Amino acid sequence: MGQRWRDGHGELVVHREGGGPSVSVPLEIATSYRARTKGLLGRDSIDGAILLSPANSVHTFRMRMPIDVAYLDRHLRVIAVRTMRPGRLGMPRLRARHVVEAEAGVMAGWGVREGVRVEIRA
């Protein structure tokens, strides 16, 4: 499935289980080393989410806000979702290939939880 994206903007589409309507969220795509390293550092908020790829862990050192973190496998299926406060180091997820970050609390509203499949539209 080797997805290849470039730094830029796109859309995160969350496919709800049970045939419910999909949810589309504005997405920043960070694939270069520089963009992944910066991530959400120094921001007070984000409109939508940010995709870090490739990535299997994150930290929240120097962040100003708590965040939701969704770990995705190579098939873009969510393998874990965690909320992290600033100043924390997340455990690496062995099967994770991508990470989606958003403001704390919003992923539950989008329907992002373990086992859900998402789609990235660049």
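Select strand 7 (117-121). One face is covered, with V118 and I120, while the other is uncovered, with R117, E119 and R121. Strands here are DSSP E runs of at least two residues, helices are H or I runs of at least four, and both are numbered from the N terminus. In general, side chains of a regular strand alternate between the two faces of the sheet.

A word on the model: it is predicted, local features need pLDDT of at least 70, side-chain atom pairs count only at pLDDT 80 or more, and totals for chains, interfaces and linings use all residues. Residues are numbered from 1 along each chain as its sequence is written, and side-chain values use heavy atoms, with hydrogens and water left out.

Strands 1 and 7 run antiparallel and are joined by five bridges. Two strands count as paired if DSSP finds at least two bridges between them. Click L12: I120 of strand 7 stands opposite. Then click V13, whose bridge partner in strand 7 is E119.

**The cores**

Select L12, V14, L51, V100, W110 and I120. These have the most contacts inside the largest nonpolar core, which has 21 residues. Such a core is a set of buried Ala, Val, Leu, Ile, Met, Phe, Trp, Tyr and Cys residues joined through side-chain atoms within 4.5 Å. Buried means under 20% relative accessible area, exposed over 50%, and partly exposed in between (1.4 Å probe, protein chains only). Strand 2 gives the most, with four residues.

Zoom in on L51. Leaving aside neighbours within four places in sequence, its contacts (heavy atoms within 4.5 Å) include W5, L27, L72, V100 and I120. Then move to a second, separate core of 18 residues, which includes A55, V58, M65 and A96.

**The loops**

Go to the loop between strand 3 and strand 4, where P54 is placed. A cis peptide bond joins S53 and P54, with omega about -5 degrees. R62 lies in the loop between strand 3 and strand 4 too. R62 has a positive phi of about 65 degrees although it is not a glycine. Is R62 buried or exposed? R62 is exposed, with a relative accessible area of 69%.

Last stop: the loop between strand 4 and strand 5, where L76 lies. Phi of L76 is near 65 degrees, a positive value in a residue other than glycine. L76 is buried, at 8% relative accessible area. H75 is found in the loop between strand 4 and strand 5 as well. H75 counts as partly exposed, at 38% relative accessibility. Draw a line from H75 to H98: they are 23 residues apart in sequence and 9.9 Å apart in space, C-alpha to C-alpha.
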